[in-house]
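I opened the model today to look up its helices, its cores and its ring pairs. My entries follow in the order I made them.

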Amino acid sequence: MPGSIEAAMAGSVGLVMVLYFTMLAFPMLYIILRWRSQGSGEPGIGTYAATHYFRGVALLVGVTAIAMLSYAAVSTEGQEDLARLAGGLLTGSVIFFVPHHLVAMQRHRGEGDPVGRVFTGFILLIAGTFSLVSIMVLLVLLFQEDHSDSPREDIRVAVSFAWVFSLTYLFLLGRMLRNRSA
């Protein structure tokens, strides 16, 4: 597998982790939720928020794994190694997503659920950022002059990430708009 492609894949997974963990997202979002509830002392809001947090992490890792699998399907080199890496990430994300999703749905607090709305909005922000960046990178690569006869692996990476994160972003946006108008 070419070093630049491997670095791009590792970088994208790393960026998801950096965005979600080093930004101290959970404490920040938890403080926002406590502030929005105006100190009403809603029981179990911390546990409920934690289930949404880990569900969101699993979702983002899973979407990244799907983008990696998409690239592995169209790649000219290193498909097997990349598919194995993506398969492991996808399996782990599903194993982590399902129980957290089930707990979150069991404790769902209806249409005006502030915890669900805050965490869905945060995931929407990250998916939208990845979508925007991958589309911009793809367009820049497409407008560059190509001086080689070899297939452009960088374009394949950008396409793989652009379509997966854009679909995720549009799905979440549609879901939020549908819930708001219902």
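**Entry: Thr51**

Which residues does Thr51 touch, not counting residues up to four places away in sequence? I looked up contacts, meaning heavy atoms within 4.5 Å. Thr51 touches His100, Val103 and Ala104. I placed Thr51 in helix H3. Thr51 is buried, with a relative accessible area of 10%. My scale for that: buried is under 20% relative accessible area, exposed is over 50%, and partly exposed is in between, with a 1.4 Å probe and protein chains only.

**Entry: ground rules**

This is a predicted model, in which local features need pLDDT of at least 70 and side-chain atom pairs count only at pLDDT 80 or more, while totals for chains, interfaces and linings use all residues. Residues are numbered from 1 along each chain as its sequence is written, and side-chain values use heavy atoms, with hydrogens and water left out.

**Entry: the chain overall**

I looked up the secondary structure next. The protein chain has 6 helices and 0 strands. Helices (H or I, at least four residues) and strands (E, at least two) are DSSP runs, numbered from the N terminus. Along the sequence the pattern reads α-α-α-α-α-α. Of the 182 residues in the protein chain, 37% are buried. I also checked contacts between residues at least 6 apart in sequence; 81% of these join residues at least 24 apart.

**Entry: the largest core**

I looked up nonpolar cores. Each is a set of buried Ala, Val, Leu, Ile, Met, Phe, Trp, Tyr and Cys residues joined through side-chain atoms within 4.5 Å. The largest has 30 residues, and Leu33, Val115, Phe119 and Phe161 touch the most other members. Helix H2 (25-36), H3, H4, helix H5 (114-143) and H6 each give two or more residues to this core. H3 gives the most, with 12 residues. Another core lies apart from it, of 5 residues, among them Leu138, Leu141, Ile155 and Ala162.

I then followed Val115. Leaving out residues up to four places away in sequence, Val115 touches Leu33, Ile45, Tyr48, Ala49 and His52.

**Entry: H3 against H5**

How do H3 and H5 cross, and how far apart are their axes? Two packed helices are described by the angle between their axes and the distance between the axes. The axes of H3 and H5 come within 10 Å and cross at roughly 25°. Axes here are lines fitted to C-alpha atoms, for helices over the stretch in contact, with angles from 0 to 180 degrees between N-to-C directions. H3 and H5 are therefore roughly parallel to each other. The classes are: under 35 degrees roughly parallel, over 145 roughly antiparallel, 65 to 115 roughly perpendicular, and the rest oblique.

H3 passes H5 in a right-handed crossing. A crossing is right-handed if the near helix is turned clockwise from the far one by less than a right angle, and left-handed if anticlockwise. From H3, the contact is made by Ile45, Tyr48, Ala49, His52, Tyr53, Gly56, Leu59 and Leu60. From H5, I listed Val115, Gly116, Phe119, Ile123 and Ile126.

**Entry: ring pairs**

I used this rule: rings of Phe, Tyr and Trp (its six-membered ring) pair if their centres lie within 6.5 Å; planes under 30 degrees apart count as stacked, over 60 as edge-to-face and the rest as tilted. The count comes to 4 aromatic pairs. Phe54 and Phe96 are an edge-to-face pair, 5.8 Å centre to centre, with 75° between the planes. This pair links distant parts of the chain: Phe54 is in helix H3 (residues 45-74) and Phe96 in helix H4 (residues 79-106), 42 residues apart. Phe54 is partly exposed at 32% relative accessible area, and Phe96 is partly exposed at 39%.

Why is the pair of Phe161 and Phe165 stacked? The ring centres of Phe161 and Phe165 are 6.2 Å apart and the planes are at 10°, so this pair is stacked. Both residues lie in helix H6 (residues 153-181), 4 residues apart, about one turn of the helix. Phe161 is buried at 6% relative accessible area, and Phe165 is buried at 0%. Ring pairs also link Tyr53, Phe54 and Phe96 into a cluster.

Thr120 is in helix H5. Thr120 is buried, at 13% relative accessibility.

Leu167 is in helix H6. Leu167 is partly exposed, with a relative accessible area of 48%. The C-alpha atoms of Leu167 and Gly128 are separated by 9.7 Å, and these residues are 39 apart along the chain.
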